[in-house]
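Q: Could you take me through how helix packing and a ligand shell are read from a model?

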Amino acid sequence: MARCRGSDHGKTQAYALTSRDILASDVAATRPDHVTGAKHTVAPAGAVAHAGDRNSRVIELVEWTKRSNARMDAASETFQEGDMSQRWDVIFVGGGFYGVYLALSLHKRGLKVLIIERELGLMRRASYANQARVHGGYHYPRNFQTAFRSRVNLERFVAEFGDAVVKPRRALYAIARRDSFVGAKYFAAFCERIGAPLEAPSREERALFSTDLIEDVFRVKEYAFDSNSLRLRLQRQLETSALSVQLGIDAVSIRPGSCGHELGVEVSLSDGTQHVAGLCVNATYSGVNRLRVEGEVSLDEPRVVVKHELTEMALIEPPVQLRETSITVMDGPFFSMMPFPSRQLYTLSHVRYTPHGHWHETLGRLPPQDPYTALNAYGRNTRAPYMLADSARYVPALRSAKHIDSLFEVKTVLARNESDDGRPILFQEHAQVRGFLTVLGSKLDNVFDVEEVLLSRLGLGLE
Ligand SMILES: Cc1cc2nc3c(=O)[nH]c(=O)nc-3n(C[C@H](O)[C@H](O)[C@H](O)COP(=O)(O)OP(=O)(O)OC[C@H]3O[C@@H](n4cnc5c(N)ncnc54)[C@H](O)[C@@H]3O)c2cc1C
C-alpha cells in the first residue's frame, strides 16, 4: 500500500492506494424487521424503483473500477505527492452526515473512497443546523411508511451512535384542539400501530399546557442527538481509516469518464483539477442540483424536483421548569422545543415562523437559485419573538424563555412530499451519465435506508 499526504485545505488530506477484490452479487438485502420480528425484503421508504438491468450496470461499474485500480496500483509509484488527478472507486460529493457515513461504509468494504466537501470542515451544514430529533415515528402521524421506517431506524441509530444520543428527562407530545390534522385518539391509535410507546403525563406535566388549546398530552420516548458528538465520532473513524477527504473545494461538474472507458465518471473541481471514479455519489442535500452534468440533455433543468425552505430555528434558554424537557405540539401550525446539545441550548421551531421563505427547483422554472448563495445573501432578521409569543399560548411557561441565538439553514425536501408529510429517501441513477448517483435523505436516520440501497446496487451486503 502506498500512502501520500497533502495539505488540508483544498487538498486531499490523506490517501491510500490499495488493491482489493469486490464481490458483486445481485441478491436483494434482507434483514429482520425490528418492529414485527418478520423477515422482509428491504424496500426503503420512497426509494426510487430501478429497472432490473441497472443492477448489472452498477456491477459493471465496480468491475471497471477493479480493472482501472489494478492499472492505477501498478502506476502508483509514479504519483507525485499532492497529485489530485486520480482514480477512485467512489467519490462522494458532500461531506455532511450522509456523505461521511456512506463513504465510511463503502471504505470498510474495501473500496477506495474520496469525499469532496466545499466547507472547511465536515458536517457544517444541515447535518449541524437541524432540530436534532432522533425520529421515533411520533412526528409523522399522517405518513405510516415514514413513521414505521423511523421506528426501524431508531434502534440502529441508538445502537451505533448511543454516545451522541441525549435522552431528555421527559419528552411530551401534545395535540392541539383546533387546526390539528389529527386528534388525540387517532394519535394514540397510530402510535400503537407503529409500536411507539406512549404514557400518560403526570399532573405537573399536564399542567404545563393550556387546557383551552390542548386536547391531550402524551409522554413519549423520543431522543435528541448531539451533532458535534456525531461529527467527532465520524471524524475519529476517518482518522483511523485511509479514507481521503478534500475540504474547502467545490465539485463543479461531472461527465462520463474519458480515457476511452465507457463507464466511470470524471469530476471537475473549482480549482481546475479532476478526479476519475467508477461511481460518483451526489450527497449534497440542498446543493442537490448545483453539480453540473456535462452532456445532460438540458443543462438548465433541475434533476431533482425539490422545495427549498430558508429556515430559522431559535436557540433558547427555557425557564427552569422546562429544562431537560422536549415539547412538540401536533399536528399543524404549531411548534417544537428540543434540546440542542451541541450548544447546550434548546431549539424552538414553529411551523408558521421557521420558514422565512421558500422556492421550488421545478422543471421549467429557471434558473434554479443557488441555495447557499441565497442563504448568505439573506438578512436573517429573527422571528424568535413571534415563535415564543405563539408557543407561550400553548405552554405559558415559555413566556420567560430567553432567545439566545438562531440557526439559519436551507431545508430541502422532495416537492412531491409536501402534502403527505412523507420523508422518503431519494436514490437516483442519472439517466445519461452512468455511474452518477444522487441521494437525498430528509432526516439523519434515513441514511441506513440509503446505505442498504447503495450496497445492494453495488452487490455488497450489510455486515
Ligand atoms: C431546519 C432543519 C431541521 C431539521 N431537523 C431534523 C431533525 O430534527 N432530525 C433529523 O434527523 N433531520 C433533520 N433535518 C434534516 C437533516 O438535517 C438532513 O436530512 C441531513 O442533515 C442531510 O444530511 P446531508 O449530509 O445530506 O446534508 P448536509 O449536511 O447539508 O451535507 C451536504 C454537504 O454537501 C456540501 N456540498 C454541497 N454542494 C457541494 C459541491 N458542489 N461540492 C462539494 N461539496 C458540496 C455542503 O457543503 C454540505 O456540507 C433538518 C434539516 C433542517 C434544515
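What follows is a dialogue on helix packing and the ligand shell.

A: This is a predicted model, in which local features need pLDDT of at least 70, side-chain atom pairs count only at pLDDT 80 or more, and totals for chains, interfaces and linings use all residues. Residues are numbered from 1 along each chain as its sequence is written.

Q: At what angle do helix 2 and helix 9 pack?

A: Axes are lines fitted to C-alpha atoms, for helices over the stretch in contact, and angles run from 0 to 180 degrees between N-to-C directions; helices are DSSP runs (H or I, at least four residues) and strands likewise (E, at least two), numbered from the N terminus. Here helix 2 and helix 9 (residues 447-457) pack at about 40°, their axes 10 Å apart. Helix 2 is therefore oblique to helix 9, since angles under 35 degrees count as roughly parallel, over 145 as roughly antiparallel, 65 to 115 as roughly perpendicular and the rest as oblique.

Q: Which residues of helix 2 and helix 9 meet?

A: Two residues are in contact if their C-beta atoms, placed from the backbone, lie within 7 Å. Phe97, Tyr98, Tyr101, Leu102 and Ser105 of helix 2 meet Val447, Val450, Glu451 and Leu454 of helix 9.

Q: Which residues are closest to the ligand, and which element gives the most to its shell?

A: A residue is near a molecule if its C-beta atom, placed from the backbone, lies within 6 Å of it. The ligand is surrounded by 38 residues, with Gly94, Gly96, Ser127, Tyr285 and Gly287 the closest. Helix 2 gives the most to this shell, with three residues.

Q: Which residues of helix 2 meet helix 6?

A: Phe97, Val100, Tyr101 and Leu104 in helix 2 meet Leu230, Leu234 and Gln237 in helix 6.
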